[in-house]
Every structure is written in structure tokens, then in C-alpha cells.
Amino acid sequence: MRTPDYKIQSPAVAERFAAIKRRPVVLEIDRLGREFAGATGPVTALRELSFAVHRREFVCVIGPSGCGKSTLIRMLAGLDTPTSGRLLLDGKPVTAPGPDRGIVFQGYTLFPWLSVLRNVMFGLEMQGRTGTAAEADARQWLDLVGLAKFADAYPHQLSGGMKQRVAIARALAPNPRVLLMDEPFGALDAQTRAQMQAHLLEIWRNVDVTILFITHDLDEAVLLADRILVLKANPGELQEVIEVSVPRPRCIEQLTTPEFQATRRRLDELIHPKLHTPSERLPIVRLTQAGDDVE
Ligand code: ADP
């Protein structure tokens, strides 16, 4: 793996990374592999994937379609089994879904027949926690995501962004060690998405949770992550690990800073490599009849 030259690390940023690395490893992925039986032979969705995530670290996973992002998150969630390698949470193998992992998917997964409050209480009830203590807990989480006033509303009465905030509260209520997020803002419009990114950063600052966040949005990855794992497809492999040197706390105004732009450029080079050979370019057929060459 080559040493990236976009790293512009101030002493404060270097110290932040050193501090994160001193924390215990929560999630360890060790030579993880997953093969599927495809129509024309085996498909390697992931090969020899290894990395460790430290406590309260925010890691984004990015890569082209088909690089194994969803397969990775499904295995972390305990919904799928690796064909090789190991997956450890606090040193113990992940074999099934459990309350130590909260999950937020792109699609809205709230129960439509339950109120916002009951949706958040659901995970607590699954743990055998009921009654006023569970309700007080759920209300606290709704408060944290800024939806205390909507406790009695039903999902259909909420906007997309609000639904995802409830989904985050529901995922966090059982106090998971890791929050797994699979393109959670992918279905939202650009403005709501930006608001949700800010909300998530604010929530994460106040909660002792480690986040693994899958996205295909380069700006989103740089804005949110401590480190970005860049995967490549066919087979799905780790291409590069990027330490994001943009200082925290992060805000949308940082998008134009040199650190942000340098990291963004590096990601762009990795994800969208330049098309070199003429056969890789699209054939150009001019259909315009405007009569000039102004583009
Ligand atoms: P991503 O989320 O990055 O788009 P996926 O994890 O969905 O990638 O898929 C990685 C590769 O594994 C793709 O080539 C996909 O076609 C293949 N794949 C994923 N799930 C299955 C499955 N259940 N059966 C066969 N092939 C699969």
C-alpha cells in the first residue's frame, strides 16, 4: 500500500490519531473472505480483508458498486457467514445478530404500526427491558436526536430525514458497541442529507459508540470519518486506508479547506481512475445541431 501524499497532518491531528490508536480495538476483521456461487462460477465478494477499528472511531467504507460493502456489513451484522477469515467484536467471534450491534439501513425500516416512541422502545423490549424505565430511556434517545416532540407520531407522519433519526435512536437505545450504517442517507435529498450528516456527528460526539459507515459519497466520507477504507471490486479487496486529517469538530464549511480537498482528490483518484485507453472511453456521437462549438 503506497504512502499517501495528501496527508497534511498538524501536530494536533497526529495526536488525535495516536490517541485513537491507543484505545482498545472493538472490531477486528482478520483476512475476511466471502465467496458466492455465481451463475458462471464462484464470485469472490470479499478477499483477505483485514483491519481493526478502535473504540469510538468513525470509519467509513467506500468503493465502487460490487466491491463487497453490503456483504461486509451483513457479515458484521451476523446476517451472513464468512467463507474464510475471522470477524471479532471485543475479541469474540461474530456468529449471529446481537444487541452489541445497532444497524441503520438506507431503506426506512421503522415499524409503521408502532409510534415513534414504541419504535425506539422495541430494541429495549427485545432485551427484556420494559415499563417506565425503558420508556424514559427511549425518550432520552429521542431527545438526543431532536425528536422528543414526535414521540407519539407514526412513521408515515415523518419526513425521510426524521425517519432516519428515529432509526438512529432505535439502533442506539440498546447501547450497542458498534453502529453499522449502510448508506443511511442515500435516499435523502442533498439538503436533508447535509443536515443528517451534521446531526450524526453531533450524536456521535455525545455517545460512546464506534461507527462503521458505508457510503459511496466521497464528500460524506471525508466529512464524517476518522479513517476511510477504500475497497476495489472484482474481487472486493482493501485498496487503501486514508486517515482524514480534517480537524474535528467537523462542519460543512470545511468542504473547501485544503485538507478536505486534498483528501477528496485522493479518494477521487482511487474510486474514479482516469480512463487511459481509447477503448475505455465512450464513443462520441455528436447529436447537437446548435451550429456552434460552444459547450
Ligand atoms: P456492494 O454493496 O459493494 O455493491 P455487494 O456486497 O452487494 O457489493 O456484492 C459484492 C459481489 O458479490 C457482487 O459481485 C455481487 O454480485 C456478489 N453477491 C453479493 N451477494 C450475492 C449473493 N447472495 N449471491 C451471489 N452473488 C452475490
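1. Strand 7 (residues 178-182) and strand 8 (residues 210-214) run parallel and are joined by five bridges. Valine 178 has threonine 210 of strand 8 as its bridge partner. The model is a predicted one, and the points below should be read with that in mind.

2. Strand 1 has two partners to check. With strand 2 (residues 41-54), strand 1 (residues 25-38) pairs in the antiparallel sense over ten bridges. The two form a hairpin, with two residues between them. Glutamate 35 stands opposite threonine 44 of strand 2. With strand 4 (residues 84-89), strand 1 pairs over five bridges, again in the antiparallel sense. There, glycine 33 has serine 84 of strand 4 as its bridge partner.

3. Next, the domains. The assignment for the protein chain gives domain 1 as 11-100 + 176-272 and domain 2 as 111-175. Their C-alpha centres lie 25 Å apart. In the contact between them, 15 residues of domain 1 meet twelve residues of domain 2. Helix 6 (residues 190-205) supplies the largest share of the domain 1 side, with five residues. By class, that side has eleven nonpolar, four polar and no charged residues.

4. Helix 6 also packs with helix 5 (residues 160-172). Their axes come within 10 Å and cross at roughly 20°. That angle makes helix 5 roughly parallel to helix 6. The crossing is right-handed. From helix 5, Gly160, Gly161, Gln164, Arg165 and Ile168 take part; they meet Thr192, Gln195, Met196, His199 and Ile203 of helix 6. The residues of this contact divide into three nonpolar, six polar and one charged.

5. The axes of helix 3 (residues 116-126) and helix 4 (residues 131-144) cross at roughly 120° and come within 9 Å. Helix 3 is therefore oblique to helix 4. Helix 3 passes helix 4 in a right-handed crossing. Helix 3 brings Val116, Leu117, Val120, Met121, Leu124 and Glu125 to the contact, while helix 4 brings Ala134, Glu135, Asp137, Ala138, Arg139, Trp141 and Leu142. By class, the residues of this contact are nine nonpolar, no polar and four charged.

6. Two contacts can be set side by side. Between helix 5 and helix 6, six residues are polar and one is charged. Between helix 3 and helix 4, none is polar and four are charged.

Definitions and conventions: Residues numbered from 1 in each chain as written. Predicted model: local features only at pLDDT ≥ 70, side-chain atom pairs only at ≥ 80, totals over all residues. Axes fitted to C-alpha atoms, helices over the stretch in contact; angles between N-to-C directions. Helix = DSSP H or I, 4+ residues; strand = E, 2+ residues; numbered from the N terminus. Parallel < 35°, antiparallel > 145°, perpendicular 65-115°, else oblique. Left-handed = near helix turned anticlockwise from the far one by under 90°. Contact = placed C-beta atoms within 7 Å. Nonpolar A, V, L, I, M, F, W, Y, C, P; charged D, E, K, R; others polar. Domains from an automatic or database assignment. Pairing = 2+ DSSP bridges.
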